[in-house]
Amino acid sequence: MASPAVGIDGIELWTGKLKLDLATTFAPAHDIDPNKFTKGLGLHASSLPDVYEDIVTMGANAALRLMQRHGLTPEDIGRIDVATETAFDNAKPVATYIAGCLAQVMEGDFAHANLGERKFACIAGTQALDDAANWIHSGRHRGRKALVIATDTALYERGDPGEATQGAGAVAMLVSESPSVTAFGLPQGIGSADETDFLKPHRQFPSVDGKRSMQVYLGRIQDALADFAAAGGSTDPDAHAQFLFHTPFPGMVKKAAVLGYLDGVQGTARGDALAEDLGTLAHPDTFADGRAYLDVLKAHAKHLKQTDHYANWYARAVTPTLKVARQVGNWYTGSVHVARASGLLHAAHSERALTGQPLIVASYGSGAQAEVHAETVQAGWRDEAEALTIQQQLDARYDLSYDEYEAIHAVHTYGAESNLSPRTAPSGEFVVDGRGPMGEYTYAYVA
Ligand code: CAA
């Protein structure tokens with residue numbers, strides 16, 4: 001007997017409650033043409049946390065809403081895996097803080113749930129989904145679901161080129177048998193290498209070589225695509241409803257999409273014709289200089305954009321996945337999962353039929369590793385997409401002035417002491433409410 005499908009049964013997003021508008025607030029303060037952000041990076045705004053928000057509150061708020069919406073009690077959850085690259089404790093995992101928050105307001109507790117934390121830069125959220133699926137396939141779940149939470153406060157040092165790509169938010173996902181949103185396919189492609197493109201050795205803010213990080217991202221994606229094909233997977237652009245990529249900023253996805261598309265048409269008459277016109281695109285790692293590779297890739301992208309097949313594919317399969325990212329920035333571990341939610345939300349609003357159709361999911365984590373797998377959309381996807389309140393949350397964000405942005409960035413810098421008052425009023429959510437006897441953060445629910 002075939003084993004039941006395993007995959008995503010529910011999704012909830014929680015955005016940081018402050019907004020930094022890149023065109024009207026950030027660009028003038030830096031004397032930079034706003035088009036660099038809105039057109040070049042493809043970003044309009046960043047979500048940032050208010051003074052009472054952090055990775056625990058955002059993760060717990062997303063999880064609480066998801067569990068309540070699905071009518072679940074703590075005993076229905078057999079594990080909580082938190083993916084983050086902005087944890088503040090090297091021993092006690094964020095999952096314990098989140099379970100503690102949830103237990104404050106829910107009947108029951110998580111005493112028999114396996115709690116843990118996954119770290120591999122932005123790919124950790126996808127790895128946590130994989131862990132959860134494997135736990136279910138192993139049979140140890142005893143009918144329970146896994147709660148996977150990707151939560152980050154993605155801040156860069158003031159003045160860093162990455163500052164315009166900041167973001168903060170959490171994605172909570174339920175993983176179960178017979179899922180209602182998407183089912184994971186079996187073939188999996190991996191591309192890993194020991195790289196130092198973006199890292200935080202004992203520091204809060206990343207040490208990042210921007211252009212090289214893009215080259216490493218694309219190199220690992222290319223390797224993972226090749227491995228996915230070797231495992232029997234296909235990325236045929238005509239056979240997949242959507243392609244989701246890790247989205248540090250939508251301009252990065254514009255580049256990754258070229259690799260996804262060329263991989264999908266490889267070996268077809270269309271692919272052969274493109275290779276004849278353009279030559280074969282060399283592997284990113286064969287370029288000593290990341291900028292030189294990005295220039296070659298750009299020439300390919302320019303040519304492809306002029307073909308109807310590519311332009312239509314990109315508009316149908318990629319653009320919908322970027323709609324939320326444009327308004328929130330980089331959510332690190334949550335970013336590729338924001339892309340899934342964004343694509344489903346857009347399909348629901350545009351009355352698209354997705355049930356039974358496959359998606360390609362291409363994740364990336366600096367350091368570095370990419371993973372590619374397919375998911376098949378399940379019959380309950382529309383109900384789940386329609387239950388998402390992300391647009392209402394985004395519209396309700398407090399729009400920061402530049403002075404307020406500077407102050408809020410300082411509040412979230414480790415070691416800083418601040419009395420800054422919140423810009424928003426918490427309601428029906430978890431908040432940071434102080435420090436405990438060992439210096440740990442403490443949390444409360446504000447009704
Ligand atoms: N009008 C229109 N477009 C403009 C413009 C204008 N006035 N000015 C610039 N642009 C375009 C540029 O041409 C460029 O587009 P292309 O790449 O298509 O040429 C884009 O805007 C960005 O401009 P720059 O390349 O000059 O920007 P930058 O060097 O200041 O910063 C960055 C870009 C290096 C990626 C920086 O944002 C950064 O360091 N980000 C953090 C690292 C990162 O996100 N890396 C991505 C891969 S690693 C990863 O994915 C992991 C992760 O989550 C961090």
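## Gln-242 in strand β11

In this predicted model, Gln-242 belongs to strand β11, which covers residues 242-245. Gln-242 has a relative accessible area of 0%, and since buried means under 20%, the residue is therefore classed as buried. Its side chain reaches the backbone oxygen of Gly-343 at 3.1 Å.

Leaving aside neighbours within four places in sequence, the contacts of Gln-242 include Arg-316, Ala-317, Pro-320 and Thr-321. Gly-343, Leu-344, Ala-347 and Arg-352 are also among the residues in contact with Gln-242, as are Pro-358, Leu-359 and Ile-360.

## The cavity

A search of the whole structure for cavities of 30 Å³ or more finds 1. The largest cavity has a volume of about 30 Å³. Leu-344, one of the contacts of Gln-242, belongs to the lining of this cavity, together with Ile-11, Glu-384, Ala-385 and Leu-388. By class, the lining consists of 4 nonpolar residues and 1 charged residue, with no polar ones.

## The largest pocket

The largest pocket has a volume of about 1,500 Å³. It is lined by 45 residues, of which Thr-86, Ala-87, Phe-88, Gln-204 and Tyr-414 are the closest to its centre. The elements that give two or more residues to this lining are β5 (114-118), β9 (198-199) and β15 (429-435).

Strand β15 gives the most to the lining of the largest pocket, with 4 residues. In composition, the lining of the largest pocket divides into 19 nonpolar, 13 polar and 13 charged residues.

## The second largest pocket

The second largest pocket has a volume of about 1,200 Å³. Of its 47 lining residues, those closest to its centre are Leu-41, Lys-211, Met-214, Phe-249 and Lys-255. At least two lining residues come from each of the helices α1 (22-30), α2 (35-41), α6 (210-230), α7 (250-265), α9 (290-305) and α10 (308-318), and likewise from strand β12 (358-365).

Helix α9 gives the most to the lining of the second largest pocket, with 8 residues. The lining of the second largest pocket comprises 23 nonpolar, 12 polar and 12 charged residues.

His-283 lies in the loop between α8 (269-278) and α9. A polar contact of 2.7 Å joins the side chain of His-283 to that of Asp-223. Apart from neighbours within four places in sequence, His-283 is in contact with Gly-219, Arg-220, Gln-222, Asp-223 and Tyr-293.

The C-alpha atoms of His-283 and Tyr-217 are separated by 12 Å, and these two residues stand 66 residues apart along the chain.

## Helix α3

Helix α3 is formed by residues 55-69, 15 residues in total. From first C-alpha to last, α3 reaches 21 Å, close to the 21 Å expected at 1.5 Å a residue. Of its 15 residues, 12 are buried, so α3 is largely enclosed by the rest of the structure. The buried residues are Ile-55, Val-56, Thr-57, Met-58, Gly-59, Ala-60, Asn-61, Ala-62, Ala-63, Leu-64, Leu-66 and Met-67.

At the start of α3, a side-chain oxygen of Asp-54 reaches to within 2.9 Å of the backbone nitrogen of Val-56. Following α3 is Gly-71, which has a positive phi, near 65°.

Notes
Residues numbered from 1 in each chain as written. Predicted model: local features only at pLDDT ≥ 70, side-chain atom pairs only at ≥ 80, totals over all residues. Heavy atoms only, no water. Expected span 1.5 Å × (residues − 1). Buried < 20%, exposed > 50% of the residue type's maximum accessible area, 1.4 Å probe, protein only. Polar contact = N/O pair within 3.5 Å; in protein donor to acceptor, adjacent residues only side chain to side chain. 1 Å grid on protein atoms, 1.4 Å probe; cavity = no way out; pocket = protein on both sides within 12 Å on 5 of 7 lines; lining within 4 Å. Points joined across faces, edges and corners; volume = space filled by probe spheres on them. Nonpolar A, V, L, I, M, F, W, Y, C, P; charged D, E, K, R; others polar. Contact = heavy atoms within 4.5 Å.
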